[in-house]
Amino acid sequence: MSQAFEQQCRERILAASAGAPLLIQGGGSKAFYGRPVQGEILDTRSHRGVVAYEPTELVVTVKAGTPLAELEAVLAEKGQYLAFEPPHFGSEATVGGMVAAGLSGPRRAQAGAVRDFVLGVRLMDGQGQALNFGGQVMKNVAGYDVPRLMAGSLGQLGLLLEVSLKVLPRPVAEATLRLETSQAKALTLMNQWGGKPLPIVATAWEKTGEGESLTVRLAGARAAVQSAQAVLGGDVLERGAAAAFWDDLREQRLPFFPAAGSFGATGSAGGPALWRLSLPSTAPTLELPGPQLVEWGGAQRWLASDAQARHVREVVEKAGGHATLFRGTAEAREQAFHPLAAPLLAIHRRLRASFDPRGAFAAGRLYEGL
Amino acid sequence: MGDRLPDSPDFATDRAALLAGLGRILPASRLYGELEDLKPYECDGLTAYRNLPLAVALPETEAEVQSILKFCSANQVPVVPRGAATGLSGGAMPHHQGLLLSLAKFKKILKVNPVARTALVQPGVRNLAVSEAAAPYNLYYAPDPSSQIACTIGGNVSENSGGVHCLKYGLTVHNVLQVRGYTMEGEPVTIGSAGLDAAGLDLLAVMNGSEGMLTVITEVLVKLTPKPQVAKVVLAYFDSVTKAGNAVADVIAAGIIPAGLEMMDKAATHAVEPYVQAGYDLEAEAVLLCESDGTPEEVEEEIAAMRAVLEKSGATSLRVSANEAERLRFWAGRKAAFPAVGRITPDYLCMDGTIPRKNLAKMLLAIADMEKKYGLRCANVFHAGDGNLHPLIMYDANQPGELERATAFGAEILELSVALGGSITGEHGVGVEKITQMCAQFTPEELALFHGLKAAFDPAGLLNPGKAVPTPARCREYRQIRGEQA
């Protein structure tokens, strides 16, 4: 099965060219993300299934077209999970797409990002060669770390065939607390707590019709969660409501996030665009038009705004961060990602050329002409 | 041995022109060209491999680094960056036709930010110095390689160093937020950010473990971690290495992620005990050190769980550290394992293979057979939780043939690591030492991609050439020899 799929991909890659490139796609759940690109779809979904899973090794190897939900169910059976809590953005989400998009969920600040859990990949490069990098072990410094480089590469370097991921046991205990507080005060609190040995695994500040609140998730040993609850105070959310809140945050279903289709171009009358601002956690409240939702202890902030892209980027860059136009019209997403300094852009171009010298994979998802 | 770099292209460096050119950038006090000044730089922690550079430069400022790189780039001179040279794979061994660029003068801690929980440091800052500077804020830098007293952050990034606590707290790659530096062409680059990610491809991921072959690092922003309130370690003794190896899997299977999970065999405890008086049981065939950290309640809960699992796995006796002094003493033995073995043998080679945990016992038995086959002793120290092995092969370089036998012994361990589903190196890097074994782990096409990746950062191939990634010619020869043996 794998061999037939790989052979088929190889043939298509060799037949493709910069003029008629391939667009790698899993479930298409993150097709909204990044610059709009055209290409003939190379669908990975027939390449699915768990290749190897040994809970005591804390490693799972899966084919890239495996539905993410299926993988999570397999892990849950053994009391394990993906600690970076990837967003799905639709039931069709695949494991390959999860790695290629490189997006992580509410636990990211504490647990790490997708890239921190990628141990190995089997990929097909732009010349149709199936290559293995990394492996199934926690520590591996033989050769450059290509597996982690694939996280967030958005199909620009090659086709993911299989990925090996580090998995972790689910925490024994969890609790979610909610405190009423302004954004400025929430930022101060989150940074103070971050410096203490508290089992905080996720935070979210938002302003709703009911007021401004900071929601905090604790997880770990039972005793640690209990003692932290006493330190932090606030109201305890009921289990079901807490789980629903974190799921809705991760999947962008909270009222803060307008329905996916309704986003307009920045600065136009079509409605606000959704920006993802990545910042030092200590950056102060940013003065930008539109509501914000703060995650990751202050390091990830969502902004629904119709401000000019240039203005958003200037403000964020001054605060030491970078801004991604996460959801918006195709026109607005022409510059989805923060511009790179010239020497880095040159490295990006040469990297792409070394992975895909013939331009078999549709270029430009990250940056124009790349 | 290894006094040349066969995987490097030949460079026609003019020594006099190099010294003259660098002399316009650096004062004579920070530029060496005479044999007696070059000699201390001829090797790193892998002393079996030596090479003299044409010159050694000790820049103090980023502007000097940039000028040096621009000069070398314009004149096709290879450059080998070097930190504290504690590396164990020859990654900082000089190039005989090139410049050794020491970052030893870059030893300032520029800023410790307790609120952001970060430290901005120059690459020549020692690993432990970061934790010391962060200590007043109850923070520390988590990766703790055994060489942490001496090794520097720049080198840690280049090797993606681990330590005894990385199962829970991650490797260097998980604890570095941003690096600044210069490409070989002298272009300034900032990779990563003060946030949790950066725009574009994740170049920070490839910087970690790049063995000084992609860019020269002049500044590193590291993440600091809150110090756990309490830590305790369980010593568990076993009457067979197989049982100890299986106990490691049992601990993980119970849903426990220890702060540290280390193993030593009898040969290692016998080397260590007279050196540090840790109080190890010398009758046991193997000892596991299993650490828990967190709040006092959390640690009590976890230690109880660890005890239950280890007893069930057949531990012959258990000891829990009663206080911090005892905990440090238990660890002292493990951390001093390399120098302790160094005391009982004239020379040793330290291997660094990584294997799936389930194969630990199988590997130990195979090593015992290899000891007989090669007629050399081997002490085994493992980061068991990560499946990272450090067999210490003891030999005497003054005895004809012993180094060759030790090298073959080591190569067999590494090749078995690959065959058991692992890697030839977990944290020490490939350098010059394991470059041949790269041919066992990777296909020619995979190695070609590594060369392409390097060229993306360093198109002229001047930064630390001839290391880490073998030439196709070396691998053709390797496969031919293996084919004949098979």
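**Sheet, disulfide, core and interface**

Modeller: In chain A, eight strands make up an open sheet in the order 13-10-12-11-15-16-14-17, with antiparallel pairing. Its edges are strand 13 (235–236) and strand 17 (322–327) of chain A, each of which pairs on one side only. This is a predicted model, in which local features need pLDDT of at least 70 and side-chain atom pairs pLDDT 80 or more, while totals for chains, interfaces and linings use all residues. Residues are numbered from 1 along each chain as written, chains are lettered from A and ligands numbered from 1 in the order written, and side-chain values use heavy atoms, without hydrogens and water.

Colleague: What makes strand 15 and strand 16 of chain A a pair?

Modeller: Two strands pair if DSSP finds at least two bridges between them. Strand 15 (residues 292–295) and strand 16 (residues 300–305) of chain A are joined by four bridges and run antiparallel. Strands here are DSSP E runs of at least two residues, and helices are H or I runs of at least four, numbered from the N terminus.

Colleague: Which strands does helix 9 of chain A touch?

Modeller: Helix 9 (residues 239–250) of chain A packs on the sheet and touches strand 10, strand 11, strand 12 and strand 15, its direction making about 80° with that of strand 11 of chain A. Such angles run from 0 to 180 degrees between N-to-C directions, with axes fitted to C-alpha atoms, for helices over the stretch in contact.

Colleague: How do you know that B:Cys439 and B:Cys475 form a disulfide?

Modeller: The criterion is a pair of cysteine sulfur atoms within 2.5 Å. The sulfur atoms of B:Cys439 and B:Cys475 are 2.2 Å apart, and the pair therefore qualifies. B:Cys439 lies in helix 15 (residues 438–441) and B:Cys475 in helix 17 (residues 472–485) of chain B, so the bond ties together parts 36 residues apart in sequence. A search of the whole structure finds one disulfide over all chains.

Colleague: Why is this disulfide called left-handed?

Modeller: The torsion about the S-S bond of B:Cys439 and B:Cys475 is about -75°, and the disulfide is therefore left-handed.

Colleague: Why are B:Cys439 and B:Cys475 called buried?

Modeller: Buried means under 20% relative accessible area, exposed over 50% and partly exposed in between, with a 1.4 Å probe and protein chains only. B:Cys439 has 4% and B:Cys475 has 2%, so both count as buried.

Colleague: What makes a set of residues a nonpolar core?

Modeller: The members are buried Ala, Val, Leu, Ile, Met, Phe, Trp, Tyr and Cys residues joined through side-chain atoms within 4.5 Å. The largest such core has 163 residues, and B:Leu310 and B:Phe457 have the most contacts inside it. Beyond its neighbours within four places in sequence, B:Phe457 is in contact (heavy atoms within 4.5 Å) with residues including A:Ile347, A:Arg350 and B:Leu203.

Colleague: How many residues does each chain bring to the interface?

Modeller: Chain B supplies 83 residues and chain A 64 residues. Together the two chains bury about 6,000 Å², 63% of it on carbon and sulfur atoms; buried area is the accessible area (1.4 Å probe) that two parts lose on being put together, summed over both. B:Leu196, B:Leu201 and B:Leu449 supply 12% of what chain B buries against chain A, more than any other three residues.
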